[in-house]
Amino acid sequence: MSLVVSITVAQTPGSSFVTGSKEDEAAIRAIVSDTSEDRKNAHIAADLDWENAFGIRYFDLKKRDAFFGAIVKPLQKNTTSSELEVKVRFVTTDVAVADEYWHVVGQLDMETRKPGPDRWGRTTYVFTKRDGVWTEVLERVADLRYAYYKHYDQLPAAVAVPRATLEAYAGNYEFDDDKSQRMIAVEGDHLTVASTKHLRVAIPVSPTDFLVFDPGDLAEYIKLHFETDGAGKTTAAVSDEVGDEIGKMIKTK
């Protein structure tokens with residue numbers, strides 16, 4: 001009697017995404033920008049699978065719209081809403097996912113009916129393409145814990161800054177609180193920021209403002225804002241992604 005043993009070896013998948021056409025991406029972005037219940041959009045499935053940040057879920061577009069009309073719309077009567085960023089990824093040439101980041105100001109609290117804090121959120125959409133037409137089939141709404149900040153998949157292009165300006169920022173710096181050291185140097189069209197453990201790149205977005213990245217991990221970054229006073233003293237205000245100041249560096253030499 002022979003025993004046959006079958007062993008399944010786990011495969012490391014290749015890329016999970018494909019490249020979509022500019023036309024397909026434009027069509028998806030247009031649907032994302034026009035998903036209000038006030039505007040009947042033929043590109044939203046009648047059996048849309050929708051869930052908000054509070055766990056309310058519908059599998060029926062008409063019921064979703066009725067919920068908006070009865071509950072959400074009165075709370076957002078005098079709000080200001082902004083679409084901040086949309087990212088589109090294609091799983092296949094006929095299936096795509098879009099993440100829309102947004103900001104809502106002035107929404108009323110459901111219980112007190114008084115204006116609540118700003119809402120920063122992300123809505124994730126799933127689309128399918130049939131007979132050449134894209135349709136939204138699933139939507140998930142999430143509130144972000146912190147204020148929105150722009151997301152980067154690759155290092156942004158540097159804004160042109162005169163070499164002399166970059167060289168004026170180069171030198172040794174010291175944080176005004178813990179006296180830790182940083183060395184800033186010029187490299188090509190940008191700066192580098194070195195500590196004892198890390199070397200980061202600082203990409204200019206204006207002559208005085210820079211985004212500082214770990215080139216191997218773009219998920220987070222900090223901001224630098226340089227100022228030089230009349231006596232020639234240079235300082236760099238350090239803030240997080242949303243602009244909240246976290247420290248200040250002073251150029252020592």
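This is a predicted model: local features need pLDDT of at least 70, side-chain atom pairs count only at pLDDT 80 or more; totals for chains, interfaces and linings use all residues.
Residues are numbered from 1 along each chain as its sequence is written, and side-chain values use heavy atoms, with hydrogens and water left out.

Let me begin with helix 1, which covers residues 22–32; helices (H or I, at least four residues) and strands (E, at least two) are DSSP runs, numbered from the N terminus. Which residues of helix 1 are buried? They are Asp 24, Ile 28, Ile 31 and Val 32, where buried means under 20% relative accessible area, exposed over 50%, and partly exposed in between, with a 1.4 Å probe and protein chains only. These residues lie on the same side of helix 1, because they cover an arc of only 100° around the axis, the arc being that of the directions from the helix axis to the C-beta atoms. The face turned away from that buried side carries the exposed residues Lys 22 and Glu 23. The buried residues of helix 1 pack against strand 3 (80–92), strand 4 (95–105), strand 5 (119–130) and strand 6 (133–143), and contact here means heavy atoms within 4.5 Å.

Asp 24 is buried, at a relative accessible area of 14%, whereas Lys 129 is partly exposed, at 23%. The structure holds 12 salt bridges, including one between the side chains of Asp 65 and Arg 64 at 2.9 Å, N to O. Arg 64 counts as buried at 3% relative accessibility, and Asp 65 is buried too, at 15%.

Let me turn to the cores, a nonpolar core being a set of buried Ala, Val, Leu, Ile, Met, Phe, Trp, Tyr and Cys residues joined through side-chain atoms within 4.5 Å. The largest has 16 residues, of which Tyr 173, Ile 184, Leu 191, Phe 210, Leu 224, Phe 226 and Met 249 touch the most other members. Apart from it lies another core, of 11 residues, and among them are Ile 31, Val 86, Ala 96 and Phe 127.

Finally, what does strand 7 (residues 171–175) pair with? It pairs in the antiparallel sense with strand 8 (residues 181–187) over four bridges, and in the antiparallel sense with strand 14 (residues 245–251) over three bridges, where two strands pair if DSSP finds at least two bridges between them. Asn 172 stands opposite Met 183 in strand 8, while Tyr 173 stands opposite Lys 251 in strand 14. Strand 7 and strand 8 form a hairpin with five residues between them, and Lys 179 in the turn has a positive phi of about 65°.

Notes
A salt bridge is a side-chain nitrogen of Lys or Arg within 4 Å of a carboxyl oxygen of Asp or Glu.
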